[in-house]
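Here's a quick briefing for anyone meeting this structure for the first time. Have a look at it, then read on.

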Amino acid sequence: MSYDKELAAAKKAASLAARLCQKVQKVLLQSDVQSKNNRSPVTVADYGSQALVSFLLQQEFPAGFSLIAEEDSKDLRKDGAQEIVERITKLVNDSLTSDGSYSVTLSTEDVLKAIDSGKSEGGSEGRHWVLDPIDGTKGFLRGDQYAVALALLDRGKVVLGVLACPNLPLTCISGADRHSPNNEVGCLFFAEVGGGTYMQPLDGSSTVKVQVSAVENPEEASFFESYEAAHSMHDLSSLIAQKLGVKAPPVRMDSQVKYGALSRGDGAIYIRLPRKGYREKIWDHAAGSIVVSGMDQFHSVCYFLSKAGGVVTDAAGNPLDFSRGRYLDLDTGIIVTNQKLMPSLFKAVRESLEEKALSL
Ligand SMILES: Nc1ncnc2c1ncn2[C@@H]1O[C@H](COP(=O)(O)O)[C@@H](OP(=O)(O)O)[C@H]1O
Ligand SMILES: [Mg+2]
Ligand SMILES: [Mg+2]
Ligand SMILES: [Mg+2]
């Protein structure tokens with residue numbers, strides 16, 4: 001089955017949302033940032049991006065529309081939030097106008113409703129869009145990396161993914177090419193089931209097919225991990241890297257930009273080991289995982305025969321299961337690399353986890 005129409009709509013929505021985020025990042029005000037009840041930050045750009053993507057997808061695919069997205073309008077409906085809601089509404093309307101193909105003006109209530117369309121519970125039946133309107137909000141606030149991450153699930157499997165990465169250089173960010181004079185930024189990665197992964201500049205001016213690194217010797221591999229030490233245990237990943245023989249220091253970066261960079265071979269390994277008790281959400285990995293694998297992990301024929309795609313599993317070697325609702329139920333963490341390196345990465349992960357358990 002082809003998802004070309006869905007992919008085209010997803011690329012357009014994510015690109016417009018990325019432009020909205022870029023505009024906000026340039027002039028971010030303290031009043032634009034709020035704290036959710038889990039104390040994680042959320043900004044007018046997170047809300048604006050979610051409202052915009054939700055509205056655009058719903059226009060294109062009104063029948064049975066279902067969206068699983070990170071944000072909701074609860075805090076925006078509280079007393080005193082009117083000003084911030086107006087600012088978000090203006091951002092969304094300006095984005096729609098700038099695109100030229102929409103002659104609508106959304107009210108503040110339209111925007112709140114569009115944000116709240118993201119409350120779907122997902123599951124293994126039917127189609128569901130999955131959105132992280134800004135993945136890496138902490139990176140966004142620092143002026144670093146972040147992504148707009150959008151995927152489509154069909155019967156519990158990821159069938160397409162789009163990652164808009166406004167601050168990622170168009171050229172390789174590691175190894176010998178690192179100091180390339182071309183410092184243009186803004187990449188859009190996209191993948192459709194079975195169709196490989198492609199990258200464009202955010203303005204869509206050209207397209208290249210990308211492939212994960214073919215490195216087989218871990219000594220030549222570099223690895224990615226979260227910038228935030230609270231999101232992934234850096235001591236454990238450095239133990240894993242040491243066991244593998246990785247020589248290069250870790251590349252620490254926010255968000256699913258790590259999956260995008262990996263999909264074009266900027267590094268060969270991504271290790272994510274959250275602290276005990278943390279539950280991963282599907283919007284933090286749906287788009288990234290298909291961009292790296294270039295296909296659905298559950299299509300086992302592709303999974304075993306492909307040489308080009310990367311492999312994404314949990315720390316027990318299981319493929320990620322997006323069919324269980326808003327959360328991923330997985331063993332310990334997520335590891336990503338190419339087909340050749342996966343057996344040794346997996347072994348190093350198991351040994352390191354066992355050593356850590358013994359030392360507790
Ligand atoms: N304690 C924790 N452990 C692991 N991940 C966490 C976390 N707290 C927040 N996160 C998730 O980590 C995401 C960022 O990933 P990364 O660590 O790769 O930059 C956040 O996405 P948001 O920024 O969309 O909230 C959030 O969902
Ligand atoms: Mg968040
Ligand atoms: Mg996220
Ligand atoms: Mg987010």
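What pLDDT does the protein chain average, and what share of the residues score at least 70? The average is 93, and 94% of the residues reach at least 70; pLDDT is the predictor's confidence in each residue, from 0 to 100. This is a predicted model, where local features need pLDDT of at least 70 and side-chain atom pairs count only at pLDDT 80 or more, while totals for chains, interfaces and linings use all residues. Residues are numbered from 1 along each chain as its sequence is written, chains are lettered from A and ligands numbered from 1 in the order in which they are written, and side-chain values use heavy atoms, leaving out hydrogens and water.

**A stretch to treat with care**
- Residues 296-306 have a pLDDT below 50, and beyond near neighbours in sequence this stretch has 20 contacts in the model (contact means heavy atoms within 4.5 Å).
- Where pLDDT is low, the predicted coordinates should not be read in detail.

**The open sheet**
- Helices (H or I, at least four residues) and strands (E, at least two) are DSSP runs, numbered from the N terminus.
- You'll find 7 strands in an open sheet with mixed pairing, ordered S3-S4-S5-S6-S7-S8-S9; two strands pair if DSSP finds at least two bridges between them.
- At the edges sit S3 (67-69) and S9 (208-210), each pairing on one side only.
- S7 (residues 185-192) and S8 (residues 197-201) are antiparallel partners over 5 bridges, with Phe 190 opposite Tyr 198 in S8.
- Helix H1 (residues 4-26) lies across S4, S5, S6, S7 and S8, at about 30° to S6 (axes are lines fitted to C-alpha atoms, for helices over the stretch in contact, and angles run from 0 to 180 degrees between N-to-C directions).
- Helix H8 (residues 286-293) packs on the sheet too, its direction making about 90° with that of S6.

**The parallel strands**
- S10 (residues 223-226) runs parallel to S12 (residues 269-272), joined by 2 bridges, and parallel to S11 (residues 251-253), joined by 3 bridges.
- Phe 224 stands opposite Tyr 270 in S12 and opposite Val 251 in S11.

**The magnesium site**
- Asp 132, Asp 135 and Asp 284 coordinate the magnesium ion (ligand 3) through OD atoms at 1.9 to 2.1 Å; donors are N, O and S atoms within 2.8 Å of the metal (3.2 Å for Na, K and Ca), and water is not among the atoms, so sites may look incomplete.
- Asp 135 in strand S4 and Asp 284 in the loop between S12 and H8 are 149 residues apart.
- Asp 135 counts as buried because its relative accessibility is 8% (buried means under 20% relative accessible area, exposed over 50%, partly exposed in between, with a 1.4 Å probe and protein chains only).
- Asp 284 counts as buried at 13%.
- The magnesium ion (ligand 2) is 5.2 Å from the magnesium ion (ligand 3).
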